[in-house]
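Student: I have a structure to go through and would like to work from questions. Can we take it one part at a time?

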Amino acid sequence: MVFNLKGKMVVLRRLKKSDLNQLLDVGNNKLICKYMRFNYPFTQKQAKELINSSRKHNQYVLGIELKEINQIIGVITLRRINLKNKNAEITIWTGKKYWKNGYSFEALNLLIRFAFYDLKLVKLWANVDSDNVASKTGIIKAGFKQEGYLVKQIYYKNKWIDQLRFALLK
Ligand SMILES: CC(C)(COP(=O)(O)OP(=O)(O)OC[C@H]1O[C@@H](n2cnc3c(N)ncnc32)[C@H](O)[C@@H]1OP(=O)(O)O)[C@@H](O)C(=O)NCCC(=O)NCCS
């Protein structure tokens with residue numbers, strides 16, 4: 001069955017090979033690569049890996065398709081799905097030219113609803129770099145609450161990164 005979560009402005013669906021060029025275009029941004037831990041410039045290899053991971057059925061790596069242009073503008077994921085403890089990690093990124101239009105907010109809400117009401121999860125979590133204002137603002141707007149401050153959580157490019165732990169309960 002084709003996976004499809006429809007909103008007013010965006011549709012969440014599995015990525016396909018034909019998304020490759022658009023994915024390369026929207027993903028090739030310094031800030032996205034920094035916060036998503038992609039190599040910059042965003043490579044074909046990384047885009048292909050994303051497309052391949054989208055086929056796996058133990059996780060949801062979904063393209064965010066903007067209805068207006070019928071193109072992928074970013075990626076949202078539900079991974080580390082723990083069916084016993086009913087929780088999962090959520091991540092999102094969208095191309096710079098599409099920021100601040102409410103697209104991510106709608107995508108987050110579509111996936112949250114799916115996670116709680118179809119997958120019957122009860123808790124979603126996200127680790128956000130402490131300097132990532134956009135992500136922090138977006139996730140709080142979606143209802144997430146900060147649960148902790150993770151000191152030196154990631155070692156990246158010779159630096160330690162602190163992260164904020166956010167979670168949303170059903
Ligand atoms: C985080 C990200 C997905 C937000 O995408 P977006 O499409 O701009 O988000 P939305 O338009 O849905 O905005 C949601 C809220 O966040 C706010 N927001 C977005 N960017 C912001 C920024 N740079 N500074 C402050 N607030 C910001 C919006 O104003 C909106 O709040 P409002 O309705 O009260 O004004 C996007 O900035 C991104 O892809 N960043 C790089 C990758 C990343 O950091 N991903 C998260 C990793 S944890």
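**The core**

Tutor: This is a predicted model.

Student: Which residues does Ala107 touch, not counting residues up to four places away in sequence?

Tutor: Ala107 is one of the residues that touch the most other members of the largest nonpolar core, which has 39 residues. Leaving out residues up to four places away in sequence, Ala107 touches Val10, Leu12, Ile64, Ile76 and Ile92.

Student: How many of the seven residues of strand S3 are buried?

Tutor: Strand S3 covers residues 60-66 and is mostly covered. A residue is buried if 20 or more other C-beta atoms lie within 10 Å of its own. In S3, the number of buried residues is six.

Student: In which sense does S3 pair with strand S2, and which residue of S3 is the bridge partner of Arg14?

Tutor: Strand S2 (residues 10-14) pairs with S3 over five bridges, in the antiparallel sense. The bridge partner of Arg14 in S3 is Leu62.

Student: Which residue in the turn of the hairpin formed by S3 and S4 has a positive phi?

Tutor: S3 and S4 run antiparallel and are joined by seven bridges. The hairpin has four residues between its strands, and the turn residue with a positive phi, about 55°, is Asn70.

**Strand S6**

Student: What is the hand of the crossover from S5 through H4 to S6?

Tutor: S5 and S6 pair in the parallel sense over three bridges, and Glu89 has Trp125 in S6 as its bridge partner. The chain goes from S5 through H4 to S6, a β-α-β crossover. Its hand is right-handed.

Student: Which residue in S8 is the bridge partner of Asn127?

Tutor: S6 and strand S8 (residues 159-169) run antiparallel, with seven bridges joining them. In S8, the bridge partner of Asn127 is Arg165.

**Around the ligand**

Student: Which element gives the largest share of the shell around the ligand?

Tutor: The ligand is surrounded by 24 residues, and the closest are Tyr35, Trp99, Ser104, Phe105 and Ala134. Elements that give two or more residues to this shell include H2 (30-36), H4 and H5 (133-141). The largest share, six residues, comes from H5.

Student: How many residues of the shell around the ligand are charged?

Tutor: The shell has 13 nonpolar residues and nine polar ones. The number of charged residues is two.

**Backbone angles**

Student: Is the peptide bond from Tyr40 to Pro41 cis or trans?

Tutor: Most peptide bonds are trans. Pro41 lies in the loop between H2 and helix H3 (44-53). The bond from Tyr40 to Pro41 has omega near -5°, and it is cis.

Student: Is Arg80 buried or exposed?

Tutor: Arg80 is found in strand S4 (residues 71-82) and has a positive phi of about 50° although it is not a glycine. Arg80 has 12, so it is exposed.

Student: Which residues is Tyr156 in contact with, leaving aside its neighbours within four places in sequence?

Tutor: Tyr156 lies in strand S7 (residues 145-156) and is exposed because it has 11 other C-beta atoms within 10 Å. From Lys34 it is 122 residues away in sequence and 9.3 Å away in space, C-alpha to C-alpha. Leaving aside neighbours within four places in sequence, its contacts are Arg37 and Ile161.

Student: What distance separates the C-alpha atoms of Phe3 and Val151?

Tutor: Phe3 lies in the segment before strand S1 (4-6) and touches Arg13 and Arg14, not counting residues up to four places away in sequence. Phe3 and Val151 are 148 residues apart along the chain. Their C-alpha atoms are separated by 37 Å.

Terms used. Residues numbered from 1 in each chain as written. Predicted model: local features only at pLDDT ≥ 70, side-chain atom pairs only at ≥ 80, totals over all residues. Core = buried A, V, L, I, M, F, W, Y, C linked by C-beta atoms within 7 Å. Contact = placed C-beta atoms within 7 Å. Near = placed C-beta within 6 Å. Nonpolar A, V, L, I, M, F, W, Y, C, P; charged D, E, K, R; others polar. Pairing = 2+ DSSP bridges. Right-handed = clockwise from strand over helix to strand, strands pointing away.
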